[in-house]
Amino acid sequence: MTVTLLSAAPDLSDQVVRHTQKDTDLLVLPPLAGVNEPIRGDLYVCESQVYFYSTSANSGIAVDYPDIIIHAISRREGRPCIYCQLEAGRFFPNQQLPEDEDEQDIVTELKFMPEDTGALEGIYMAMSDCAALHPDEEFMAEQEALENDSEFFADPSDEAELTEVQQAALRHLESVFQPPMNGKPQEDEKMDEQ
């Protein structure tokens, strides 16, 4: 998997572009060398990679989907954005990495901030659809190994396997989420309806 710096606009002629968002700012944390503010450019959500390119800065990035461990819409801390977190140890060649941290522990964050915040849902959905085309092979192998594992695991609903604290928590949850008796509303529910 790779995260790449671009020195020219990406050639999208052989790409399936799911979403294009013009006038988008990109903030990379830890920052790229010499870049402490967001870069204005265009975001391209393609089936193979996420691309961002700024003609004014003559630079951009390309990121493979398996390297993005989380993407979400964030409306916290400033401008609404698409927040992405890259797998630990994945970073761009010219990032200003903290000297006191092991490179394999450093997490790169990307914030794509479109001028049109109404586009956030469309960008998020396109990224989700494209990410689904690239399942995490390591995770899938682990899941398959678990399914093929012949060890027996206790059913967590077996109260004998729960500690006292867990049993108390279970009793509390059961009391809070009691289903209606015989499909009829309980007395409290009848009063709420009146």
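Reader: How many bridges join strand S2 to strand S8?
Author: This is a predicted model. Strand S2 covers residues 17–29 and strand S8 covers residues 109–114. The two run antiparallel. The bridges that join them number six.

Reader: What is the bridge partner of Thr24 in S8?
Author: S2 and S8 are joined by bridges. Thr24 has its partner in S8. That partner is Pro114.

Reader: What is the strand order of the open sheet?
Author: The sheet has eight strands, with antiparallel pairing. From one strand to the next, the twist averages 25°. The order is S1-S5-S4-S3-S2-S8-S7-S6.

Reader: Which strands stand at the edges?
Author: An edge strand here has a single partner strand, so one side is left without a neighbour in the sheet. That applies to residues 3–6 and residues 68–74. These are strands S1 and S6.

Reader: Helix H1 packs on the sheet; what angle does its direction make with that of S6?
Author: H1 spans residues 120–132. It touches S2, S3, S4, S6, S7 and S8. With the direction of S6, the angle is about 160°.

Reader: Which residues have the most contacts inside the largest nonpolar core?
Author: This core has 25 residues. Leu110 is in contact with Leu26, Ile61, Ile82 and Phe92, among others beyond four places in sequence. The residues with the most contacts inside the core are Phe92, Leu110 and Phe112.

Reader: Which element gives the largest share of this core?
Author: Several elements give two or more residues: S2, S3, S4, S5, S7, S8 and H1. The largest share is five residues. It comes from H1.

Reader: How many residues are in the second, separate core?
Author: Its members include Cys46, Tyr51, Tyr53 and Ala62.

Reader: Is Asp25 buried or exposed?
Author: Asp25 is found in strand S2. Buried means under 20% relative accessible area. Asp25 has 8% relative accessibility, so it counts as buried.

How values were computed:
Residues numbered from 1 in each chain as written. Predicted model: local features only at pLDDT ≥ 70, side-chain atom pairs only at ≥ 80, totals over all residues. Heavy atoms only, no water. Pairing = 2+ DSSP bridges. Helix = DSSP H or I, 4+ residues; strand = E, 2+ residues; numbered from the N terminus. Axes fitted to C-alpha atoms, helices over the stretch in contact; angles between N-to-C directions. Contact = heavy atoms within 4.5 Å. Core = buried A, V, L, I, M, F, W, Y, C linked by side-chain atoms within 4.5 Å. Buried < 20%, exposed > 50% of the residue type's maximum accessible area, 1.4 Å probe, protein only.
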